[in-house]
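Have a look at the fold before reading on.

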Amino acid sequence: MEDEFKPSVQPQRRVNLNIKEVVKKEVIKLLDAGLIYPIFDSPWVSPVQVVPKKRGMTAVKNVKNKLIPQRTVTRWRVCINYRKLNNATQKDHFPLPFIDQMLEHLVGHEYYYFLDGFSGYFQILIAPEDQEKTTFTCPYGTFTYKRMSFRLCNAPATF
């Protein structure tokens, strides 16, 4: 952590009923997987945000009866706004390899595995003394991560 930053407790944001159900399902999924646990007091609390996952294109008529391509929202993604925590975090300047360099390493190999980011990030344990920094608030309570979460500034380099 940087020295000049003080912990920040951000308030919960209002969400409509449809989005509330999306958040509830995500929290239950994370609790069942053992990735988060309830916490009652933390110096760092970040709010939950729900953003649309855009998938596919459709054509919609505008006022001039002309077809315009438009992305359709099919699902929602629950994110945590870690901006204040990320601003206070000391950045790891470990350079990530370029995708073309990574692909060059695969040339000539018969098999390779595809690791998705969900299970990849969640394989990394957070030190117990740092877990409370990943606390987030939602309509169902305040929870903190046991394992690396998305949107933390040094998560990609750690992964």
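**A quick tour**

R83 sits in helix α2, residues 83-88 (helices are DSSP runs of H or I with at least four residues, strands are E runs with at least two, numbered from the N terminus). Keep in mind that this is a predicted model, where local features need pLDDT of at least 70, side-chain atom pairs count only at pLDDT 80 or more, and totals for chains, interfaces and linings use all residues. Residues are numbered from 1 along each chain as its sequence is written, and side-chain values use heavy atoms, leaving out hydrogens and water.

R83 counts as exposed because its relative accessible area is 59% (exposed is over 50%, buried under 20%, partly exposed in between, with a 1.4 Å probe and protein chains only).

Now go inside. The largest nonpolar core has 21 residues; such a core is a set of buried Ala, Val, Leu, Ile, Met, Phe, Trp, Tyr and Cys residues joined through side-chain atoms within 4.5 Å. Among those with the most contacts inside it are V23, V27 and F136. The elements giving it two or more residues are α1, β2 (46-61), α2, β4 (136-138) and β5 (141-145), and α1 brings the largest share, 4 residues. In soluble globular proteins, nonpolar side chains tend to be buried together.

Helix α1 spans residues 17-33 and also holds K24. K24 is partly exposed, because its relative accessibility is 35%.

Last stop: I99, in helix α3 (residues 99-106). I99 is exposed, since its relative accessible area is 61%.
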